[in-house]
Amino acid sequence: MSLELSLPVFIHSIKSGGYIVSIITITAHYRRRADEESMNIISTIRCRPFSASESSQGVSKVIKMHNEKVIIHNPNPSGNDTKEQTYAFDYSFSSDTKPENIFHDAIEPLIKKALAGKNLTIVAYGQAGTGKTHTLSGNENQIGIVPLISQSIFKGLESSGKRYLATASFLEVRNEEMQDLLNPHSNEMKIRQHPNLGLYIEGLSEIVVRSNEDCTKLYEQGDRVRKLLKDQKSENSVRRTDDVFTITIEQQQQNATDLGLRSKIIIANITAPPPKKKENQNSGFELINKGVNTLHKVVQDLVNAKKRTVIPYRESKITRILQDAFGGNSCTVFIGTISSSGDKYQETVDTLGFAQSVRSIKNTVKQTEDDNVRVIRELRDEINRLREKLASTAPNPETAVQNKEDIQRLEEMIIDLNVAKRQTWYEKERYSDTYEEERRRNLAEKGMIEWVFDVHKKDKREVKEKLVSLQQEKDTLSVEYKEKRRVVDEMKDDLQNRISEYSKLGESNKRSEEETKQYVNAINEVKEKLKHENESLKDIKKRLRDNQEKQKQGKMDAKLQYGASRGSLEIQQVIEAEERKKREKEDEAVIEEELERMKVEIQQEKAEVQLKMAEGIEYSQQQILKLENDLIEMKAERSILTLKISKLQQEKLKLEDDVNNVYKRHKEAFEIQKLQQFQTFRNYRDVFEQQKATMDQSYRSLLEEAIQDAIYLSSKNSDLVQENQKLKQEMEKLKGKTGKI
């Protein structure tokens with residue numbers, strides 16, 4: 001990367017202490033590179049739809065959108081507050097807009113720039129619950145922005161004909177503490193600045209991704225870790241987090257060996273602070289919102305500063321990480337998410353005002369060349385030069401200060417060289433394999449691995465396919481059962497009507513013997529058909545019952561197969577509670593169907609009794625007593641069943657309490673064990689840090705002594721060389737004298 005500079009040179013001479021000192025002044029006039037462009041941040045607004053609770057409560061809607069303008073109506077104007085405010089953006093998306101539309105309109109045109117070696121940043125910003133995560137991740141019905149970006153990037157890479165290497169990382173910043181979401185370790189992470197490679201995070205895992213599927217899978221896994229870490233925190237603790245998912249792309253021509261292109265695609269999810277309050281907040285509140293408050297300062301300084309001033313990027317970690325996105329070297333799309341609810345008026349106004357301010361920020365975007373081979377070569381040359389300089393410098397008080405500075409510079413350059421060496425494709429792939437092993441170990445220690453990695457995916461897919469097949473069979477049987485039930489009900493009504501007509505004719509004595517015979521034959525024919533249909537209905541009922549048993553068994557098998565993949569005790573408890581509720585609903589459905597079946601059978605018995613009475617058949621006293629006994633038994637059985645259900649309900653509540661208590665005890669024991677393990681680990685880490693500090697100090701002392709020894713030996717060597725030369729000269733003289741003699 002070369003800069004075109006015009007360099008007028010002016011030489012001034014002054015006399016100081018008997019010496020003439022020349023001062024050379026070089027004035028550089030910067031000329032813009034051909035691949036460099038200036039562009040404003042693209043600012044967009046997305047309004048989420050009303051939630052079910054907001055709709056049921058009749059909350060007022062305060063947002064109207066017209067093209068790129070957003071108009072907000074103040075539901076409670078007072079004092080200097082205006083009734084309506086209008087904000088202008090590059091794009092505005094209403095509540096029925098899908099993430100796919102946002103991607104195609106605002107982001108997709110910039111993917112080509114990213115593939116051409118320019119950085120791209122997507123920032124989703126808004127209050128909690130305004131749809132940031134949904135916009136980025138999507139759901140089962142709508143694909144999110146992150147998967148769409150991944151698809152578009154790898155489609156472009158695969159069609160470019162170039163060699164490429166892509167890596168992904170996922171970072172969470174909470175209360176100014178950083179957490180690796182792909183590899184959740186407890187090591188310290190620091191933001192570093194490399195003189196040639198730019199900003200990087202020491203300790204953050206970068207994993208190689210070779211396809212869109214790999215990239216999307218890592219994003220989903222990191223998102224699961226984020227949710228699990230959130231669930232493991234206390235309900236009373238405030239958890240304001242900012243998340244940064246980064247895809248780094250390096251490209252080279254097929255025959256190239258060194259020079260290439262490098263670009264970063266950063267997707268950030270930032271939670272806006274709550275509305276400003278007049279009363280002073282405590283320090284804890286300030287710490288929670290330090291990152292986003294600093295972001296507001298950065299934007300304010302960039303918008304209002306007439307001349308370039310010192311922008312406070314370094315005051316928080318999230319602004320340091322996103323430094324290129326706001327006023328730096330990146331194409332940036334800012335997506336502000338808002339609610340149209342009147343209850344969220346102040347939060348919405350704050351987000352709209354901030355998003356409108358962001359729109360006026362200009363970024364200088366340029367192509368990033370990946371010249372790591374040259375960087376490594378130059379660092380090695382400079383390190384060798386410094387070593388030779390230190391070795392050739394004689395030890396004396398005048399050079400001691402300069403030597404110390406050179407030693408410090410040498411150490412810094414060695415660190416830079418190690419960082420640069422890790423940026424080679426071979427090293428990145430090697431470290432990626434190491435990170436994969438580490439993350440499996442760390443996730444296993446935290447009880448997350450099977451939940452995050454979805455280890456039983458194949459088995460679950462087979463079980464799911466089996467359950468889907470059973471459900472389809474059940475749906476078919478249910479439709480068949482309903483149709484058959486409709487036919488049976490119609491035949492029952494027909495039979496009942498025929499019996500009623502037969503009884504009326506008998507009472508009026510207007511039926512002939514032939515008519516009586518016809519009625520009886522027709523009734524018997526309908527009865528036979530009804531019996532046949534009832535048998536078919538019972539058969540379908542039996543098949544439905546068998547299907548339900550198979551579904552229960554399949555769900556039990558699925559539970560046994562991936563029961564261990566529940567992550568934490570809280571997740572396991574929630575999932576098992578949901579499964580219990582599902583089983584209860586299924587059992588209730590079975591009971592309802594069984595009661596309905598009994599009702600049908602009783603109606604059939606009743607119809608048969610009516611038919612016999614209509615035919616003039618009289619029941620004996622013994623038969624009447626039997627029917628009465630059956631009726632009494634059925635009523636008693638119903639009462640017993642009611643009591644049993646009530647008792648089972650009580651036992652169910654007791655068991656639920658017992659299960660909750662067991663989970664609570666297990667959770668407490670697990671937390672104590674975790675604390676003990678953490679304390680042990682911390683003790684080991686403290687000992688390690690002390691030993692490391694001691695070794696570092698020893699290393700520095702040994703290095704300084706070695707350098708001093710090298711300098712001393714070099715000086716002695718020079719003296720010995722001079723003495724050797726003198727001795728040689730004296731020997732030559734002695735040889736000359738000896739020759740004369």
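Guide: What follows is a walk through the salt bridges, pair by pair.

This is a predicted model, so local features need pLDDT of at least 70 and side-chain atom pairs count only at pLDDT 80 or more, while totals for chains, interfaces and linings use all residues. Residues are numbered from 1 along each chain as its sequence is written, and side-chain values use heavy atoms, with hydrogens and water left out.

First, the idea. Side chains of opposite charge can pair when their charged atoms come close. A salt bridge here is a side-chain nitrogen of Lys or Arg within 4 Å of a carboxyl oxygen of Asp or Glu. The structure holds 22 of these salt bridges. Let us visit some of them.

Start with Asp-223 and Lys-227. Their closest N and O atoms are 3.5 Å apart in a salt bridge. Both residues belong to helix H5, residues 212-232. Now check their cover. Buried means under 20% relative accessible area, exposed means over 50%, and partly exposed is in between, with a 1.4 Å probe and protein chains only. Asp-223 has a relative accessible area of 10%, so it is buried. Lys-227 has 44%, so it is partly exposed.

Next, Lys-484 and Glu-533. Their side chains meet in a salt bridge at 3.1 Å, N to O. This pair links distant parts of the chain, 49 residues apart. Lys-484 lies in helix H14 (residues 457-508), and Glu-533 lies in helix H15 (residues 513-562). Lys-484 is partly exposed because its relative accessible area is 21%. Glu-533 counts as buried because its value is 15%.

Stay with helix H14 for another pair. The side chains of Glu-490 and Arg-486 meet in a salt bridge at 2.6 Å, N to O. They are four residues apart in helix H14, so about one helical turn separates them. Glu-490 is partly exposed, at 44% relative accessibility. Arg-486 is partly exposed too, at 38%.

Together with Arg-226 and Asp-243, they are joined into one network by salt bridges that share partners.

Conventions:
Helix = DSSP H or I, 4+ residues; strand = E, 2+ residues; numbered from the N terminus.
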